[in-house]
Amino acid sequence: MAHRAISDLSTFIGHLDPTTHRILVAGDFNLIHGALDSNPLALPARDRSVFARLQALGLQFIGPRYPHGRKAHPAPSGLPVDNANVPTYYTTPNPSPPG
């Protein structure tokens, strides 16, 4: 999905100077920025290739990043302890049944 979206986005950018474009790419690609190769819940090489392709198009990764979001504590396994990633999904505990 992510690689297809990048290919589609490339069509809009073309071969012109990328600094002349104002493009916001938003969504959940189910990627982990900065995942370690030992992360069993990610495909770090694939994730890095997506971010590298976006950067090659002149796009910057801006977040969400801590401190502009709630940092996961403790850091999930498979990420460096000093990472600035923030979770984009939270669960709420089920309330206790009355009585």
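**Helix H2 and its two sides**

The face of H2 turned away from its buried side carries two exposed residues, Ala45 and Ala56, where exposed means over 50% relative accessible area, buried under 20% and partly exposed in between, with a 1.4 Å probe and protein chains only. What we have here is a predicted model, in which local features need pLDDT of at least 70 and side-chain atom pairs count only at pLDDT 80 or more, while totals for chains, interfaces and linings use all residues. Residues are numbered from 1 along each chain as its sequence is written, and side-chain values use heavy atoms, with hydrogens and water left out.

H2 itself runs over residues 44–56, helices being DSSP runs of H or I with at least four residues, numbered from the N terminus. Its buried residues are Pro44, Asp47, Val50, Phe51 and Leu54. They lie on the same side of H2 because they cover an arc of only 125° around the axis, the arc being that of the directions from the helix axis to the C-beta atoms.

Now, which salt bridge involves arginine 48? The side chain of arginine 48 meets that of aspartate 37, at 2.9 Å from N to O, a salt bridge being a side-chain nitrogen of Lys or Arg within 4 Å of a carboxyl oxygen of Asp or Glu. Since arginine 48 lies in helix H2 and aspartate 37 in the loop between H1 and H2, the pair ties together parts that are 11 residues apart in sequence. Arginine 48 is partly exposed, at 41%, whereas aspartate 37 is exposed, at 60% relative accessibility.

Definitions and conventions:
Expected span 1.5 Å × (residues − 1).
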